[in-house]
Amino acid sequence: MMVQPVAGRSFLATFALVLVAIAGLFAIDMFLAKTDRAESHIEATRLFEEGQASLKNGDPLKAVDRISDAITIERDNRDYLRSLASAQLAAGESADAQTTLAGLLSSNSTDGLANLLMARVLVREGRAADAVAYYHRAIYGSWKVDVEGNRRRARLELIDLLAQQNSKAELLAELLPMQDNAPRDLTARVYLGELLLRADSPPRAADVFRGILHESPSNSTANLGLGEAEFAQGDYRAAEKSFQTVLRLAPDDPKGRHWLDVCRELLQLDPTIRGLASSERWRRSLTLVRQVRNDVDSCVREDSSEELKEWASKADAALKTPAKEPRTADDDFEANLDIAEQLWQIRQKECQPQASNDSALALVLKRLAR
Amino acid sequence: MIDKLRRSLEKLRQNEDQMALVLSLLIGALVGLVVVAFILLTGRLSARMYPAGGAGWRRFLVPVLGSLSTGYLLWRYFPNARGSGIPQTKAAIFIHDGRILFRTVLGKFFCCSASLASGIALGREGPSVHVGAGLASVIARNLGLKPSQVKALVPAGCAAALAAAFNTPIAAVLFSLEEILGDLHATVLGSVVLSAATSWVVLHLVLGDDPLFHVAGYQLVNPAEFGVYAVLGVVGGLGSVGFVKLLLHLRQWFMRLPKSTAWFQPVAGGLTVGILGYFVPEVLGVGYNNVEKVLNGNIVIKLVVLFAVLKIVATAVCYASGNAGGIFGPSLFIGAMMGAAVGGVAHMLFPIVTAGPGAYALVGMGTAFAGIVRTPWTSVIMIFEITRDYTIIVPLMISNMIAFFISQKLQKEPIYEALSHQEGIHLPTGEARAQGDRIPVLQSMRSKPITFSPDAEVGAVLSQIKEGGFDAWPVVAKDRLQGMIRNSAIVDLVAAGLSTKKLSEVLDGSSSDGQAIADAIPHVHPDHSLSFALKRMGASGVNVLPVVSRANIHELLGIIALGDILDAYGVMKRANGKEPAAE
């Protein structure tokens with residue numbers, strides 16, 4: 001089939017014109033696209049900053065709106081997406097935040113901040129056990145800036161969660177790396193020591209507090225922590241000294257006062273403290289029986305268990321012993337401790353209200369039980 | 001070098017298939033680049049007209065001024081560039097041999113860009129299709145191609161434009177075939193696919209790989225949801241019909257106004273958008289940002305219903321008053337809002353068994369598109385391509401088909417045909433073409449025709465066929481069709497004094513080889529359409545064809561004559577094709 005060319009313009013010229021138009025348009029399009037990207041970026045940045053400001057000013061709903069608009073313009077900007085998730089979380093839109101973060105994590109599961117935010121979302125939803133895994137990914141994940149600082153903060157957040165959950169073993173597991181890379185900031189180190197105490201690791205806590213006091217001897221909080229650590233280890237005399245130092249540095253410190261009182265009371269009460277004379281030990285054991293018997297007194301009734309009645313009678317019998325030290329002081333001492341301990345255990349089971357755990361009596365009996 | 005190139009091009013000119021191939025690629029690239037420029041230019045212009053933190057009065061004044069200026073330009077210089085461009089493209093293909101003027105392309109590009117940037121509530125996709133079709137037409141005509149070739153390249157331009165405008169190459173191909181040509185089996189499929197693919201590649205080169213909407217993955221929560229999607233189909237169908245009827249009614253009203261008012265009629269659209277947009281900014285422009293928000297479940301039911309209603313009004317007035325812009329984009333907006341409203345209510349009532357409103361907004365987009373534009377398959381594929389979310393396809397198909405069915409029942413004429421009709425142009429609808437093609441030969445054939453034995457003498461046959469009115473007759477031996485004997489051959493033989501010759505001696509197609517007889521005897525099968533039979537009669541120069549079995553070409557099932565076909569279409573009665581009485 002022959003094609004008839006149009007008069008006035010050759011086939012070749014038309015072809016060439018089309019090719020030139022394509023080249024020209026390509027250049028124009030690239031220029032327009034570049035301009036578009038630049039202007040869009042400016043607009044997206046403006047919206048993002050507005051969103052950030054709203055978030056800071058306590059208007060997370062507006063922040064979500066603005067940051068969403070910014071994301072519509074720059075869809076792949078991970079910073080915007082992370083901020084959107086933060087704003088959604090702050091606005092109480094946990095499900096939306098979870099969706100946003102799931103999208104982020106599906107493209108990069110090692111994103112430290114996204115993992116941290118996801119952990120926060122899950123904590124908000126009451127799924128602390130699931131959150132722990134995301135905290136770990138945040139701790140070992142990638143961060144754009146201040147890698148160590150962000151990882152430490154993520155770990156501290158996890159530690160807080162574990163402390164709230166009273167997961168002592170897991171808490172200690174997270175605290176040990178913190179102790180190895182102890183922060184330079186004294187406040188953070190004090191907090192670390194306190195957490196070690198909560199994780200039932202008073203020797204490590206004492207080490208941390210001693211380290212702080214080596215650098216800053218007048219740090220009352222560290223003295224208080226050290227006192228508590230020493231107290232927890234049963235070193236009441238050392239603890240008493242530490243609490244005295246606390247009150248010397250901060251005379252109005254209620255916690256220091258409380259602990260000092262408990263400490264003194266305990267030092268007065270504890271019959272197992274080393275260096276006590278036999279008579280003193282016997283006398284203290286009798287005091288212990290008396291205090292326990294007084295404590296259960298309101299609880300002993302007609303309908304009380306036979307066991308309680310029996311041990312209450314034994315306590316009464318022990319308390320009828322002479323004021324002077326008997327010849328069999330050591331035997332009586334052991335028997336008194338046994339009565340006090342048994343009666344205390346039955347009291348814990350049967351009597352209301354429960355005894356305070358940090359009273360001197362409770363602490364001594366707890367120690368005896370150990 | 002130049003000479004070599006010239007020779008290569010000359011060689012290319014001589015080969016129609018190669019030429020179509022190369023031109024499809026060129027048109028795809030050119031149209032893709034032009035549409036990308038159109039999108040970017042409109043976006044930048046819009047950003048200038050509505051700067052961040054701009055005053056509220058802009059939302060009123062800019063659409064009014066935009067519609068006034070573009071209205072004047074359209075009236076004075078580019079009268080064919082009004083509206084969407086789809087009806088104009090179809091008219092170009094079916095009426096004007098694919099002819100679209102370069103001036104119209106320019107007018108469409110610039111007026112539409114200015115109009116959309118000013119906030120007129122219309123879409124960019126329809127105009128892009130017109131621009132793409134126009135460029136294909138201009139290139140083809142300037143290369144001196146035949147009108148049939150020009151017509152064949154125009155759909156390629158349409159597909160390239162839509163592929164770039166929506167970032168949906170497959171839907172673009174389907175749309176060109178389903179809506180523009182009204183024939184999913186069109187022979188231009190190859191060039192349409194090539195062109196759409198090239199345009200899509202160009203789009204990705206310039207703008208990167210980014211779907212039109214980013215949507216969170218949705219899925220069917222419970223099989224009971226199909227019921228809600230069916231309700232959405234009904235709502236979408238009714239909403240679509242309402243929109244189309246309102247638009248057509250308003251357009252009719254504007255067309256009845258004095259011709260002298262034509263240049264400022266678009267201001268009515270600008271004013272409507274300005275007033276609505278002043279209070280509800282979401283009405284301005286095509287509103288894809290709001291669609292994306294709704295798709296991601298960010299909705300308040302009362303607001304999305306308000307947006308849907310206002311958008312229907314704004315788009316109908318803008319289009320009817322003669323502004324440049326299409327209805328694809330607004331269809332998606334309206335559909336998303338309707339879907340979100342239905343989904344929002346369903347999710348409120350049955351939160352456990354239904355997905356969030358975003359999923360329904362997604363399906364709603366396709367539903368409205370199927371109901372308004374009446375291209376159900378294009379809409380299914382388009383939504384899939386726009387969102388790249390496969391999981392919602394089945395609910396989408398159900399909802400689309402219901403909306404399509406309701407739209408077909410309540411609004412007989414599809415929107416683009418109706419718009420052309422208002423202009424006095426009668427486009428062939430796909431349905432009409434399909435209807436014409438659907439009448440099978442079986443329905444009109446004569447099942448017991450007169451046949452002759454191969455042993456019959458020529459002289460005896462002549463005396464029988466004198467009054468028959470057919471050009472040829474079947475020759476059958478032992479229920480096997482041996483061939484067709486032509487009247488002219490018998491007359492010639494008798495004139496030559498060979499009246500005693502037997503038919504078997506003079507028959508052409510007496511071979512036992514199926515292919516040979518098929519080539520020698522023009523024939524049809526019972527499932528062929530009448531139009532096909534007519535074409536074959538024309539090609540073979542006879543007014544009657546044997547109807548044979550597809551399984552056995554020697555098995556004569558009947559004959560079909562020209563008179564039978566004309567009779568089937570109600571043109572003439574069978575009297576003209578009367579057979580001679582059998583002896």
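The largest nonpolar core of this predicted model has 157 residues, and I27(B), A164(B) and M337(B) have the most contacts inside it. A nonpolar core here is a set of buried Ala, Val, Leu, Ile, Met, Phe, Trp, Tyr and Cys residues joined through C-beta atoms within 7 Å. A residue is buried if 20 or more other C-beta atoms lie within 10 Å of its own, exposed if 12 or fewer, and partly exposed in between, with C-beta atoms placed from the backbone. Helix α2 (residues 16–49) of chain B brings the largest share of this core, 18 residues; helices (H or I, at least four residues) are DSSP runs numbered from the N terminus. Because domain 1 (12–207) and domain 2 (225–426) of chain B both contribute, the core lies between them; the domain bounds come from an automatic or database domain assignment.

Next, a look at two residues. Contact means C-beta atoms, placed from the backbone, within 7 Å, and neighbours within four places in sequence are left aside in the table.

| Residue | In contact with |
|---|---|
| A164(B) | V31(B), G32(B), V35(B), V36(B), S199(B), W200(B), V202(B) and L203(B) |
| E341(A) | L365(A), L368(A) and A369(A) |

E341(A) sits in helix α16 (residues 329–350) of chain A. It is partly exposed, because 18 other C-beta atoms lie within 10 Å.

Residues are numbered from 1 along each chain as its sequence is written, and chains are lettered from A and ligands numbered from 1 in the order in which they are written. In this predicted model, local features need pLDDT of at least 70 and side-chain atom pairs count only at pLDDT 80 or more, while totals for chains, interfaces and linings use all residues.

Conventions. Helix = DSSP H or I, 4+ residues; strand = E, 2+ residues; numbered from the N terminus. Contact = placed C-beta atoms within 7 Å.
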